[in-house]
Amino acid sequence: MKKPVRVAVTGAAGQIGYSLLFRIASGEMLGKDQPVILQMLELPMEKAQAALRGVMMELEDCAFPLLAGMVGTDDPEVAFKDADVALLVGAMPRGPGMERKDLLMKNAEIFTVQGKALNKVASRNVKVLVVGNPANTNAYIAMKSAPDLPAKNFTAMLRLDHNRALSQLAGKAGVAVADIEKLVVWGNHSPTMYPDYRFATVGGASLKDKIGDESWNRETFIPKVGKRGAAIIEARGLSSAASAANAAIDHIHDWVLGTDGKWVTMGIPSDGSYGIPETVMYGYPVTCENGEYTIVKDLPIDDYSREMMNKTLAELEEERSGVAHLLG
Ligand code: NAD
Ligand code: LMR
(Lines give C-alpha, C1' and ligand atoms only; values in the text may rest on other atoms or scores of the structure.)
(Ligands and ions follow the chains in the order given, each with its own letter.)
Protein backbone atom coordinates (compact mmCIF):
# COMPACT_ATOMS: atom_id res chain seq x y z
CA MET A 1 0.00 0.00 0.00
CA LYS A 2 1.32 3.48 -0.90
CA LYS A 3 1.90 6.11 1.80
CA PRO A 4 -1.19 8.36 2.09
CA VAL A 5 -1.09 11.76 0.41
CA ARG A 6 -2.34 14.66 2.53
CA VAL A 7 -4.89 16.74 0.64
CA ALA A 8 -6.04 20.02 2.20
CA VAL A 9 -9.34 21.48 0.97
CA THR A 10 -10.58 24.90 2.08
CA GLY A 11 -14.24 25.87 1.93
CA ALA A 12 -14.88 22.16 2.43
CA ALA A 13 -18.54 22.55 3.38
CA GLY A 14 -19.39 24.69 0.35
CA GLN A 15 -20.93 23.66 -2.96
CA ILE A 16 -17.69 22.85 -4.73
CA GLY A 17 -16.40 21.04 -1.64
CA TYR A 18 -19.45 18.80 -1.72
CA SER A 19 -18.74 17.83 -5.33
CA LEU A 20 -15.01 17.48 -4.77
CA LEU A 21 -14.28 15.63 -1.54
CA PHE A 22 -16.07 12.39 -2.38
CA ARG A 23 -14.30 12.09 -5.70
CA ILE A 24 -10.90 12.73 -4.11
CA ALA A 25 -11.64 10.08 -1.47
CA SER A 26 -12.68 7.58 -4.14
CA GLY A 27 -9.34 7.93 -5.92
CA GLU A 28 -10.39 9.91 -8.97
CA MET A 29 -7.84 12.66 -8.41
CA LEU A 30 -4.66 10.83 -7.43
CA GLY A 31 -5.31 7.27 -8.59
CA LYS A 32 -7.24 4.23 -7.48
CA ASP A 33 -4.19 2.89 -5.60
CA GLN A 34 -3.39 6.09 -3.72
CA PRO A 35 -4.68 6.50 -0.14
CA VAL A 36 -5.48 10.05 0.93
CA ILE A 37 -5.91 11.96 4.18
CA LEU A 38 -8.41 14.82 3.80
CA GLN A 39 -7.61 17.95 5.82
CA MET A 40 -10.64 20.20 5.62
CA LEU A 41 -10.84 23.88 6.51
CA GLU A 42 -13.99 25.88 7.14
CA LEU A 43 -14.83 29.21 8.74
CA PRO A 44 -15.06 29.17 12.56
CA MET A 45 -18.77 30.08 12.60
CA GLU A 46 -20.90 27.29 14.09
CA LYS A 47 -23.01 27.03 10.95
CA ALA A 48 -19.96 26.36 8.79
CA GLN A 49 -18.40 23.95 11.31
CA ALA A 50 -21.68 22.04 11.69
CA ALA A 51 -21.97 21.72 7.92
CA LEU A 52 -18.39 20.46 7.82
CA ARG A 53 -19.15 17.87 10.49
CA GLY A 54 -22.07 16.71 8.34
CA VAL A 55 -19.85 16.35 5.27
CA MET A 56 -17.35 14.37 7.33
CA MET A 57 -20.11 12.05 8.56
CA GLU A 58 -21.09 11.42 4.95
CA LEU A 59 -17.49 10.76 3.95
CA GLU A 60 -17.30 8.26 6.79
CA ASP A 61 -20.53 6.62 5.62
CA CYS A 62 -19.05 6.01 2.18
CA ALA A 63 -16.41 3.72 3.77
CA PHE A 64 -13.95 4.66 1.04
CA PRO A 65 -11.09 2.15 1.10
CA LEU A 66 -8.63 4.89 0.08
CA LEU A 67 -9.65 7.37 2.79
CA ALA A 68 -6.89 6.89 5.34
CA GLY A 69 -7.87 9.77 7.63
CA MET A 70 -9.76 13.04 8.02
CA VAL A 71 -9.20 16.32 9.82
CA GLY A 72 -11.85 19.05 10.09
CA THR A 73 -10.73 22.41 11.43
CA ASP A 74 -11.07 26.19 11.39
CA ASP A 75 -7.31 26.68 11.72
CA PRO A 76 -5.31 27.00 8.46
CA GLU A 77 -2.16 25.77 10.19
CA VAL A 78 -3.92 22.54 11.13
CA ALA A 79 -5.48 22.10 7.69
CA PHE A 80 -2.21 22.70 5.83
CA LYS A 81 0.06 20.72 8.18
CA ASP A 82 2.36 18.61 5.94
CA ALA A 83 -0.13 18.99 3.07
CA ASP A 84 1.09 17.54 -0.24
CA VAL A 85 -1.81 19.04 -2.20
CA ALA A 86 -3.83 22.11 -1.20
CA LEU A 87 -7.06 23.04 -2.95
CA LEU A 88 -7.96 26.58 -1.96
CA VAL A 89 -11.66 26.71 -2.75
CA GLY A 90 -13.11 28.77 0.11
CA ALA A 91 -13.41 32.45 -0.64
CA MET A 92 -15.60 35.41 0.10
CA PRO A 93 -18.43 35.42 -2.45
CA ARG A 94 -19.52 38.60 -4.17
CA GLY A 95 -22.37 40.15 -2.18
CA PRO A 96 -25.08 42.57 -3.33
CA GLY A 97 -23.64 45.93 -4.35
CA MET A 98 -20.09 44.67 -3.91
CA GLU A 99 -17.58 45.91 -6.48
CA ARG A 100 -14.90 43.61 -7.93
CA LYS A 101 -12.38 45.76 -6.02
CA ASP A 102 -14.11 45.08 -2.65
CA LEU A 103 -14.14 41.37 -3.45
CA LEU A 104 -10.45 41.54 -4.26
CA MET A 105 -9.64 43.18 -0.92
CA LYS A 106 -11.67 40.74 1.16
CA ASN A 107 -10.10 37.79 -0.58
CA ALA A 108 -6.64 39.31 -0.42
CA GLU A 109 -6.88 39.07 3.37
CA ILE A 110 -7.95 35.41 3.25
CA PHE A 111 -5.22 34.38 0.80
CA THR A 112 -2.51 36.27 2.67
CA VAL A 113 -3.34 34.33 5.84
CA GLN A 114 -3.54 31.04 3.97
CA GLY A 115 -0.31 31.66 2.02
CA LYS A 116 1.50 32.35 5.31
CA ALA A 117 0.10 29.18 6.87
CA LEU A 118 1.18 27.11 3.85
CA ASN A 119 4.62 28.68 4.10
CA LYS A 120 4.86 27.67 7.73
CA VAL A 121 3.49 24.14 7.85
CA ALA A 122 2.89 22.56 4.41
CA SER A 123 5.18 20.05 2.69
CA ARG A 124 7.95 21.91 0.84
CA ASN A 125 6.65 20.23 -2.34
CA VAL A 126 3.01 21.13 -1.78
CA LYS A 127 1.04 21.58 -5.00
CA VAL A 128 -1.40 24.44 -4.53
CA LEU A 129 -4.44 25.04 -6.73
CA VAL A 130 -6.51 28.17 -6.14
CA VAL A 131 -10.15 27.86 -7.20
CA GLY A 132 -11.72 30.65 -5.10
CA ASN A 133 -12.27 33.82 -7.14
CA PRO A 134 -10.61 35.97 -8.30
CA ALA A 135 -8.54 32.79 -8.71
CA ASN A 136 -5.44 34.11 -10.51
CA THR A 137 -4.91 37.04 -8.16
CA ASN A 138 -5.72 34.96 -5.07
CA ALA A 139 -3.07 32.46 -6.21
CA TYR A 140 -0.63 35.31 -6.76
CA ILE A 141 -1.29 36.61 -3.22
CA ALA A 142 -0.86 33.16 -1.66
CA MET A 143 2.39 32.67 -3.60
CA LYS A 144 3.76 36.05 -2.48
CA SER A 145 2.76 35.27 1.12
CA ALA A 146 4.76 32.03 1.06
CA PRO A 147 8.32 33.12 0.24
CA ASP A 148 9.90 29.88 1.52
CA LEU A 149 7.96 27.71 -0.91
CA PRO A 150 8.86 27.54 -4.61
CA ALA A 151 6.69 29.98 -6.58
CA LYS A 152 6.04 27.28 -9.19
CA ASN A 153 4.02 25.32 -6.59
CA PHE A 154 1.21 27.91 -6.79
CA THR A 155 -1.33 27.63 -9.58
CA ALA A 156 -4.76 29.00 -10.47
CA MET A 157 -7.65 27.14 -12.07
CA LEU A 158 -8.15 27.78 -15.79
CA ARG A 159 -9.07 24.16 -16.41
CA LEU A 160 -12.80 24.77 -16.21
CA ASP A 161 -12.41 27.31 -19.01
CA HIS A 162 -10.30 24.81 -20.96
CA ASN A 163 -12.95 22.10 -20.54
CA ARG A 164 -15.75 24.50 -21.45
CA ALA A 165 -13.88 25.47 -24.62
CA LEU A 166 -13.29 21.80 -25.51
CA SER A 167 -17.00 21.01 -25.35
CA GLN A 168 -17.98 24.03 -27.44
CA LEU A 169 -15.40 23.13 -30.08
CA ALA A 170 -16.40 19.47 -30.16
CA GLY A 171 -20.04 20.49 -30.67
CA LYS A 172 -19.22 22.96 -33.44
CA ALA A 173 -16.89 20.62 -35.33
CA GLY A 174 -18.96 17.47 -34.72
CA VAL A 175 -16.01 15.60 -33.21
CA ALA A 176 -15.40 13.85 -29.89
CA VAL A 177 -14.01 15.94 -27.04
CA ALA A 178 -11.35 13.28 -26.47
CA ASP A 179 -10.02 13.70 -30.01
CA ILE A 180 -9.20 17.41 -29.63
CA GLU A 181 -5.63 18.26 -28.71
CA LYS A 182 -3.52 21.40 -28.39
CA LEU A 183 -6.07 23.84 -27.04
CA VAL A 184 -5.15 26.69 -24.70
CA VAL A 185 -6.94 29.37 -22.68
CA TRP A 186 -4.58 32.29 -22.09
CA GLY A 187 -4.73 34.68 -19.16
CA ASN A 188 -7.19 35.37 -16.38
CA HIS A 189 -10.14 33.25 -15.18
CA SER A 190 -12.53 36.06 -16.04
CA PRO A 191 -14.43 37.14 -19.14
CA THR A 192 -11.17 38.60 -20.55
CA MET A 193 -9.65 35.11 -20.92
CA TYR A 194 -8.59 34.15 -24.45
CA PRO A 195 -9.58 30.62 -25.48
CA ASP A 196 -7.38 29.88 -28.50
CA TYR A 197 -7.78 26.92 -30.86
CA ARG A 198 -5.39 28.07 -33.57
CA PHE A 199 -3.08 25.14 -32.79
CA ALA A 200 -5.77 22.58 -31.98
CA THR A 201 -5.91 19.33 -33.90
CA VAL A 202 -8.37 16.50 -34.43
CA GLY A 203 -6.74 13.26 -35.50
CA GLY A 204 -3.68 15.30 -36.44
CA ALA A 205 -5.61 17.70 -38.73
CA SER A 206 -6.20 21.39 -37.97
CA LEU A 207 -9.39 22.05 -36.02
CA LYS A 208 -9.33 25.69 -37.13
CA ASP A 209 -9.40 24.60 -40.78
CA LYS A 210 -12.21 22.17 -40.04
CA ILE A 211 -14.30 24.88 -38.38
CA GLY A 212 -13.30 27.48 -40.94
CA ASP A 213 -15.62 30.16 -39.62
CA GLU A 214 -13.48 32.93 -38.03
CA SER A 215 -16.52 35.05 -37.21
CA TRP A 216 -17.85 32.14 -35.07
CA ASN A 217 -14.53 32.19 -33.20
CA ARG A 218 -14.63 35.90 -32.43
CA GLU A 219 -18.33 36.54 -32.09
CA THR A 220 -19.66 33.33 -30.56
CA PHE A 221 -16.95 31.03 -29.19
CA ILE A 222 -14.71 33.46 -27.29
CA PRO A 223 -17.57 35.36 -25.56
CA LYS A 224 -19.49 32.16 -24.84
CA VAL A 225 -16.56 30.51 -23.06
CA GLY A 226 -15.69 33.76 -21.28
CA LYS A 227 -19.21 34.32 -20.00
CA ARG A 228 -20.10 30.69 -19.25
CA GLY A 229 -19.72 31.18 -15.48
CA ALA A 230 -22.24 34.03 -15.56
CA ALA A 231 -24.63 31.98 -17.75
CA ILE A 232 -24.60 29.19 -15.16
CA ILE A 233 -25.25 31.62 -12.31
CA GLU A 234 -28.15 33.05 -14.32
CA ALA A 235 -29.61 29.58 -14.96
CA ARG A 236 -28.99 27.93 -11.59
CA GLY A 237 -29.06 30.88 -9.24
CA LEU A 238 -25.76 29.51 -7.98
CA SER A 239 -22.29 29.39 -9.48
CA SER A 240 -20.92 26.28 -11.16
CA ALA A 241 -19.95 23.62 -8.65
CA ALA A 242 -19.80 20.08 -10.07
CA SER A 243 -18.00 21.25 -13.21
CA ALA A 244 -15.64 23.38 -11.12
CA ALA A 245 -14.86 20.42 -8.84
CA ASN A 246 -14.35 18.25 -11.91
CA ALA A 247 -11.89 20.76 -13.35
CA ALA A 248 -9.99 20.91 -10.04
CA ILE A 249 -9.67 17.12 -10.12
CA ASP A 250 -8.46 17.22 -13.74
CA HIS A 251 -5.91 19.93 -12.89
CA ILE A 252 -4.32 18.09 -9.96
CA HIS A 253 -4.63 14.66 -11.60
CA ASP A 254 -2.70 15.84 -14.63
CA TRP A 255 -0.12 17.81 -12.65
CA VAL A 256 0.67 14.83 -10.41
CA LEU A 257 0.20 11.93 -12.83
CA GLY A 258 1.22 13.58 -16.12
CA THR A 259 -0.45 14.43 -19.42
CA ASP A 260 1.41 12.00 -21.68
CA GLY A 261 2.54 14.85 -23.91
CA LYS A 262 -0.94 16.38 -24.22
CA TRP A 263 -1.51 20.09 -23.60
CA VAL A 264 -3.66 21.33 -20.76
CA THR A 265 -4.21 24.87 -19.47
CA MET A 266 -2.91 25.86 -16.04
CA GLY A 267 -2.76 29.29 -14.42
CA ILE A 268 0.90 29.50 -13.38
CA PRO A 269 3.42 32.19 -12.42
CA SER A 270 4.85 33.45 -15.69
CA ASP A 271 8.53 32.83 -16.44
CA GLY A 272 8.40 35.65 -19.00
CA SER A 273 7.22 33.37 -21.83
CA TYR A 274 5.17 35.03 -24.57
CA GLY A 275 6.05 38.48 -23.23
CA ILE A 276 3.99 38.06 -20.05
CA PRO A 277 5.87 39.73 -17.15
CA GLU A 278 7.43 37.31 -14.69
CA THR A 279 5.31 36.09 -11.74
CA VAL A 280 1.97 37.21 -13.24
CA MET A 281 -0.39 34.27 -12.63
CA TYR A 282 -1.42 33.59 -16.23
CA GLY A 283 -3.18 30.78 -18.10
CA TYR A 284 -0.62 28.96 -20.29
CA PRO A 285 -0.54 25.79 -22.35
CA VAL A 286 1.51 23.22 -20.43
CA THR A 287 2.43 19.56 -20.50
CA CYS A 288 3.04 17.69 -17.23
CA GLU A 289 5.51 14.93 -16.43
CA ASN A 290 6.94 13.58 -13.16
CA GLY A 291 4.91 16.06 -11.09
CA GLU A 292 6.20 19.14 -12.96
CA TYR A 293 4.56 21.30 -15.58
CA THR A 294 6.37 22.78 -18.59
CA ILE A 295 5.09 25.66 -20.71
CA VAL A 296 4.59 24.86 -24.39
CA LYS A 297 7.01 27.33 -25.98
CA ASP A 298 7.50 29.14 -29.27
CA LEU A 299 3.92 29.19 -30.51
CA PRO A 300 3.39 31.93 -33.09
CA ILE A 301 1.29 34.81 -31.75
CA ASP A 302 -0.57 36.80 -34.40
CA ASP A 303 -1.79 40.39 -33.98
CA TYR A 304 -5.31 39.48 -32.88
CA SER A 305 -3.98 36.98 -30.32
CA ARG A 306 -1.48 39.49 -28.99
CA GLU A 307 -4.26 42.01 -28.52
CA MET A 308 -6.39 39.42 -26.67
CA MET A 309 -3.45 38.26 -24.54
CA ASN A 310 -2.60 41.85 -23.63
CA LYS A 311 -6.18 42.64 -22.68
CA THR A 312 -6.38 39.81 -20.14
CA LEU A 313 -2.84 40.66 -18.94
CA ALA A 314 -3.87 44.28 -18.34
CA GLU A 315 -6.72 43.10 -16.12
CA LEU A 316 -4.36 40.87 -14.13
CA GLU A 317 -1.87 43.70 -13.71
CA GLU A 318 -4.64 45.98 -12.50
CA GLU A 319 -5.75 43.37 -9.96
CA ARG A 320 -2.15 42.92 -8.88
CA SER A 321 -1.58 46.63 -8.35
CA GLY A 322 -4.85 46.75 -6.37
CA VAL A 323 -3.42 44.37 -3.76
CA ALA A 324 0.27 45.39 -3.93
CA HIS A 325 0.07 47.43 -0.71
CA LEU A 326 -1.03 44.31 1.20
CA LEU A 327 1.98 42.32 0.08
CA GLY A 328 4.70 44.62 1.37
P1 NAD B 1 -19.75 28.35 -1.46
O2 NAD B 1 -20.11 29.68 -0.93
O3 NAD B 1 -20.79 27.30 -1.67
O4 NAD B 1 -18.65 27.68 -0.52
C5 NAD B 1 -17.53 28.38 -0.09
C6 NAD B 1 -17.20 27.85 1.29
O7 NAD B 1 -15.99 28.45 1.70
C8 NAD B 1 -18.26 28.20 2.35
O9 NAD B 1 -18.66 27.01 3.01
C10 NAD B 1 -17.53 29.16 3.27
O11 NAD B 1 -17.92 29.00 4.61
C12 NAD B 1 -16.09 28.76 3.06
N13 NAD B 1 -15.10 29.81 3.32
C14 NAD B 1 -15.18 31.12 3.04
N15 NAD B 1 -14.06 31.75 3.44
C16 NAD B 1 -13.27 30.80 3.97
C17 NAD B 1 -12.00 30.84 4.57
N18 NAD B 1 -11.34 31.98 4.73
N19 NAD B 1 -11.46 29.68 5.01
C20 NAD B 1 -12.14 28.53 4.88
N21 NAD B 1 -13.35 28.43 4.33
C22 NAD B 1 -13.91 29.57 3.88
O23 NAD B 1 -18.94 28.62 -2.81
P24 NAD B 1 -18.55 27.59 -3.95
O25 NAD B 1 -19.64 27.55 -4.93
O26 NAD B 1 -18.04 26.34 -3.35
O27 NAD B 1 -17.37 28.40 -4.65
C28 NAD B 1 -16.16 28.63 -4.00
C29 NAD B 1 -15.30 29.61 -4.79
O30 NAD B 1 -14.94 29.06 -6.04
C31 NAD B 1 -15.99 30.94 -5.12
O32 NAD B 1 -15.03 31.97 -4.97
C33 NAD B 1 -16.34 30.80 -6.58
O34 NAD B 1 -16.47 32.04 -7.23
C35 NAD B 1 -15.14 30.03 -7.06
N36 NAD B 1 -15.26 29.34 -8.36
C37 NAD B 1 -14.15 29.33 -9.15
C38 NAD B 1 -14.18 28.68 -10.36
C39 NAD B 1 -12.95 28.65 -11.25
O40 NAD B 1 -13.05 28.14 -12.38
N41 NAD B 1 -11.79 29.15 -10.84
C42 NAD B 1 -15.35 28.05 -10.77
C43 NAD B 1 -16.46 28.06 -9.94
C44 NAD B 1 -16.41 28.72 -8.72
C1 LMR C 1 -17.27 30.09 -13.05
O2 LMR C 1 -16.49 30.31 -13.97
O3 LMR C 1 -18.23 29.30 -13.15
C4 LMR C 1 -17.03 30.73 -11.73
O5 LMR C 1 -15.80 31.39 -11.72
C6 LMR C 1 -18.16 31.55 -11.27
C7 LMR C 1 -18.16 32.95 -11.85
O8 LMR C 1 -18.31 33.89 -11.06
O9 LMR C 1 -18.07 33.09 -13.06
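This is a predicted model: local features need pLDDT of at least 70, side-chain atom pairs count only at pLDDT 80 or more; totals for chains, interfaces and linings use all residues.
Residues are numbered from 1 along each chain as its sequence is written, chains are lettered from A and ligands numbered from 1 in the order in which they are written, and side-chain values use heavy atoms, with hydrogens and water left out.

**View 1. The surroundings of ligand 2.** In the side chain of Arg164, an N or O atom is 2.8 Å from an oxygen atom of ligand 2. For the side chain of Ser240, the corresponding distance to an oxygen atom of ligand 2 is 2.7 Å. Of the 260 Å² of accessible area that ligand 2 has on its own, the protein covers 73% (Shrake-Rupley method with a 1.4 Å probe).

**View 2. The annotated residue His189.** The UniProt annotation "active site", from an unreviewed entry, covers His189; such annotations may be inferred rather than shown by experiment. His189 lies in the loop between strand S8 (184–186) and strand S9 (194–196), strands being DSSP runs of E with at least two residues and helices runs of H or I with at least four, numbered from the N terminus. Not counting residues up to four places away in sequence, His189 touches Asn133, Asn136, Met157, Leu158, Asp161 and Arg164, contact meaning heavy atoms within 4.5 Å.

**View 3. The surroundings of ligand 1.** Ligand 1 is surrounded by 23 residues, the closest being Gln15, Ile16, Glu42, Val131 and Asn133. A backbone N or O atom of Gly14 lies 3.5 Å from an oxygen atom of ligand 1. A polar side-chain atom of Gln114 is 3.4 Å from a nitrogen atom of the ligand, and a polar backbone atom of Val131 is 3.2 Å from a nitrogen atom of ligand 1. The protein covers 83% of the 860 Å² of accessible area that ligand 1 has on its own. Helix H1 (15–25) and helix H4 (100–121) are the elements that give two or more residues to the shell around ligand 1.

View 4. The peptide bond from Asn133 to Pro134 is cis, with omega near -5°. Pro134 lies in the loop between strand S5 (127–130) and helix H5 (135–144). Most peptide bonds are trans.

**View 5. The backbone at Tyr274.** Tyr274 has a phi near 60°, a positive value in a residue other than glycine. The loop that holds Tyr274 runs between strand S12 (264–269) and strand S13 (281–289). Most residues other than glycine have a negative phi.

Technical notes. A residue is near a molecule or strand if one of its heavy atoms lies within 4 Å of it. A polar contact is a pair of N or O atoms within 3.5 Å; within protein, one must be able to donate a hydrogen and the other to accept it, and residues adjacent in sequence count only if both atoms are side-chain atoms.
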